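Hi,

Here is the structure I promised to pass on.

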Amino acid sequence: MDESYNNRTSLVKGAKDIAKEAKRHAAKKVSKVVNRAADEYSSQRNYSQFQNEDDDDDDGRYEDYASDATEGHDDEDEIYEGEYQGVPADGKPRDGHDSLGQLVSDSMRDRKDLEQERQADEEELAQQYELIMQECGHGRFQWQLFFVLGMALMSDGVEVFVVGFVLPSAELDMCVPNSGAGWLGSIVYLGMMMGAFFWGGLSDKVGRKQCLLIAMSVNGFFSFLSSFVQGYGMFLFCRMLSGFGIGGAVPIVFPYFAEFLAREKRGEHLSWLCMFWMIGGIYASAMAWLIIPHYGWSFSMGSAYQFHSWRVFVVVCALPCVCAVVALTFIPESPRFFLEMGKHDEAWMVLKQIHDTNMRARGEPEKVFTVNRIKLPKHLGELVEMQSDSANPVAKVLFRIRTELRGIWLTFMKCFNYPVRDNTIKLAIVWFTLSFGYYGLSVWFPDVIHHLQSDEYASRVKTHNNERIEDFTFNFTLENQIHTNGVFVNDRFISMKLKSITFIDSTFQNCYFDDVSTVGSLFKNCSFVEAFFYNTDIDDSKLVGSRIINSSFHHNKTGCQMTFDDDYSAYWVYFVNFLGTLAVLPGNIVSALLMDKIGRLSMLGGSMVLSGISCFFLWFGTSESMMIFMLCLYNGLSISAWNSLDVVTAELYPTDRRGTGFGFCNAMCKLAAVLGNLIFGSLVGITKAIPILLASTVLVGGGLVGLRLSDLTVKYGTSFVCLLICLSIM
C-alpha cells in the first residue's frame, strides 16, 4: 500500500514538473517577441535582456561586457576583471529556474552543474546591476554614504597613530620594564589582524552594515575603557580588543562603498574615500601635539588612580568612532548583498531609495525608477546541522558561534578556488610587502630621528670634574650634565628636577633632598653620608653601585614620573608625524584623478617601485631635515599604491566572498606590520644599510608582483615572505 502510494505521489509530482516546464517555455517564446520590440525602442537600458531565454539565444550575448571591466581599459589585465565575471564568455546557458532564480528540480543535477549555473547567474546579475546603478546615478546618496564610511575609515587611521603616540607615555606612566616595552604596538596589530579576518568573513554572512556597526561599537567601547584602566596588562587587553574591533573597518568599508558605485565612478571615489585615513592621521597628530605634553591636564585620586594627559588623548581619539557608529544607524544595507542572499524586495527598496534621493537632489523628483525585477543568483542547497530548541541559551550561543566560524572558514577556502586562487596569492604578497615596508619604515624613521637628536643632545653635555660645593641651595633644574668626583657638603636640593644628570664617584655629606624629580638621571658609585630624602623619586634603580651611610628616606614618590614637561622633543615628534601624514595629500589627489585613466595595476606597481627607489636614497640622509624630507617623499609616493590596492581588492572577488577575501588580505597587512615592527625595531641604531636595502627590495618585489611581470615573481615573492617570517622568529 505504501509503495503504491509513493509511486502515485512521484507520478503526480513529475507531471506537475512537466507542466511547469511547458508553461515556462511558452512564456519564454512570448517574452522573446516582447524583448525584440523593446530592444528597438530603447538600446541604452534594456533590463529585459536579463530574463532567461533558450539555450540557443544565450550564446555570445555578453561578449560586449567581457572587456574593460574596471581596469582603465587594460586589455591584458590578468590579476582581476573588475566586477567579478563568474565564468568565461562561452559559459553554458542555465535551465531549471524561473526569472527570480528560484530552485526548480535541482535534485536531478549534481553540485558541479549547480555551481556553474550559479557562476553564470552571478555574471548576469553583475551586468544588470551595473545598468541599475547607472540609472540610479551618482549624487546625494553616495556622498552621504561617503562621509559616513569615511568616519569609520578615519577611526582606523586614528587607531594606528594612537599606538605610536601613546606608547612612550603609557609605558612610563605604568612603570613598564624594558622587557615589556614595545608590546603595545604588537598587541594592537595582532588584534587588528584577527579582527580583519573575522569581521571581513562575517560581513559575507550577516551583512556589511551590521558587521561594521558591531565592529565599530567594539572599538569605541574598549578604546574608551582603556583610558581608565591602571594596570598595563589590562590596558594591553583593552587595546587588543579595540584593535580587534577596528580591524573590521577597512575590509568592510571599501566593499560596502564599492557596491553603491557604478563602474565608471568606482576607482575615483574609492580613492577619495582613502583620504579619510589621512585625515585620521592628521587628527591624531594634532590632538597628540595639543594634549599629551600638557601634563597639567590630569588629576589623581590618591596614589592608586592617576589620569594623565595621554589618557585624555585616548578618549578624544575615540570620538570619530562614536560619530561613525551613530551615523551608520541611518544608512541602509548593501543592495548587492541583499541580492546575493536572495532578498529581492529588500534590495529593490534600497535601490529605489538611492534613485529617488539622487533624483530629488537633481531637481527631477518626477523621474520613475523603471526596474521591476532583478536577477537573483541560484542558491545552492547545503546540509545545515540544526540545534535543538530545548538546548540551554549558552549552548545555543556556542553553537551559533561555531556555525558562523565554520561558515567563515568555508568561504575563506573558496578564495583559493579557480578562478580567483592565483589572484588571491598575488594580492596577499602585494599586501604583505607594501605593509612590511610601510610599517617597518614608520618604526625606523622616528627612531632614527630620535637617535640623531640624542647624538646632538649628547654633544652639548657639560662636564664638571673635582668640584666642591658647600652650603648651597639648588632650587632650579639641572639638565644634560656629568659631575665626576664632586663633593657636596651641607647642600639643599629643593623643588627641583634633574634631567639627564649623571653623578659619578661623587660624595653627598649631610645633604637635604626635598621634592626632587629625576628624569634620565643616575648616581653611579656615589656615597651618601647622613643625607635626608623627603618626597623624592630617588630609589635603588637610580643609585647604581652607591653607598648609603646613616641616611633616611621618607614619603618617597610612588609610581613612575612623566618624562617631560613642555619638552621640545615631544612637539617635534608629533610635528614630524603631522608632516608625514600631510605629505600623502598630493598622492591622494593624483591617484583619485588618474585611477580610471592609467589603470589600477599600473598605478599599484609603479607606485611601489617608485617608493622603493625613494627608500634607497635614505642612505644619503645625514641630517634631520633630510630624513624628514625623504619621509614625506616616501609617504607621498606610496599612498597611490595603497589606494590602488584597496580598489583592486574590492573589485576582485565576487560578492559572496568579497569581505572574506579583503579581510584575509588586510590580515596579511597587519601580520606584516607586526613583523616589520620586530625586524626594523631591532635594527635601529645598528646600521642604516640593512633596513634601507630590505625595505627597497620588499617594495620593488611587491611592485613587480602587482605588475604581473612573470609567474617567477610570484614564486620568489612567496619564498621571500616566508624568509621574512623566519627572520622575525629568529
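Let me start with N466, which counts as exposed because its relative accessibility is 58%. For that label the cut-off is over 50% relative accessible area, while buried means under 20% and partly exposed is in between (1.4 Å probe, protein chains only). N466 sits in the loop between β3 (462-465) and β4 (468-470), and although it is not a glycine, its phi is positive, at about 55 degrees. Helices and strands here are DSSP runs numbered from the N terminus (H or I and at least four residues for helices, E and at least two for strands).

Before I go on, some housekeeping: this is a predicted model, so to speak of local features I need pLDDT of at least 70, and side-chain atom pairs count only at pLDDT 80 or more, whereas totals for chains, interfaces and linings use all residues. Residues are numbered from 1 along each chain as its sequence is written, and side-chain values use heavy atoms, with hydrogens and water left out.

N480 also has a positive phi of about 55 degrees without being a glycine. Its setting is strand β6 (residues 478-484), and with 8% relative accessibility N480 counts as buried.

Now the whole protein. There are 23 helices and 16 strands, and 51% of the 730 residues are buried. Taking contacts (heavy atoms within 4.5 Å) between residues at least 6 apart in sequence, 68% join residues at least 24 apart. The accessible surface is about 33300 Å², and carbon and sulfur atoms account for 61% of that; the areas come from the Shrake-Rupley method with a 1.4 Å probe, and for residues only the protein chains shown count as cover.

Next, helix packing. Helix α9 (residues 263-273) and helix α20 (residues 624-652) have axes 9 Å apart and an angle of about 130 degrees between them. Axes are lines fitted to C-alpha atoms, for helices over the stretch in contact, and angles run from 0 to 180 degrees between N-to-C directions. The two helices are therefore oblique to each other: under 35 degrees would be roughly parallel, over 145 roughly antiparallel, 65 to 115 roughly perpendicular, and the rest is oblique. On the α9 side R266, G267, L270 and S271 meet N643, V647 and E651 of α20. That contact divides into two nonpolar, three polar and two charged residues. (Ala, Val, Leu, Ile, Met, Phe, Trp, Tyr, Cys and Pro count as nonpolar, Asp, Glu, Lys and Arg as charged, and the others, Gly among them, as polar.)

One of those residues, E651, counts as buried, at 1% relative accessibility. E651 and A258 are 393 residues apart in sequence, yet 7.8 Å apart in space, C-alpha to C-alpha.

And which way does α9 run against helix α10 (residues 275-291)? Their angle is about 5 degrees, with axes 4 Å apart, so α9 and α10 are roughly parallel to each other. Here S271, W272 and L273 in α9 meet M275, F276 and W277 in α10. The residues of this contact are five nonpolar, one polar and no charged. S271 turns up in the α20 contact and in the α10 contact.

Last one: T424, in helix α16 (residues 421-459), has 0% relative accessibility and so counts as buried. Neighbours within four places in sequence aside, T424 is in contact with C415, F416, Y653 and F664.

Cheers
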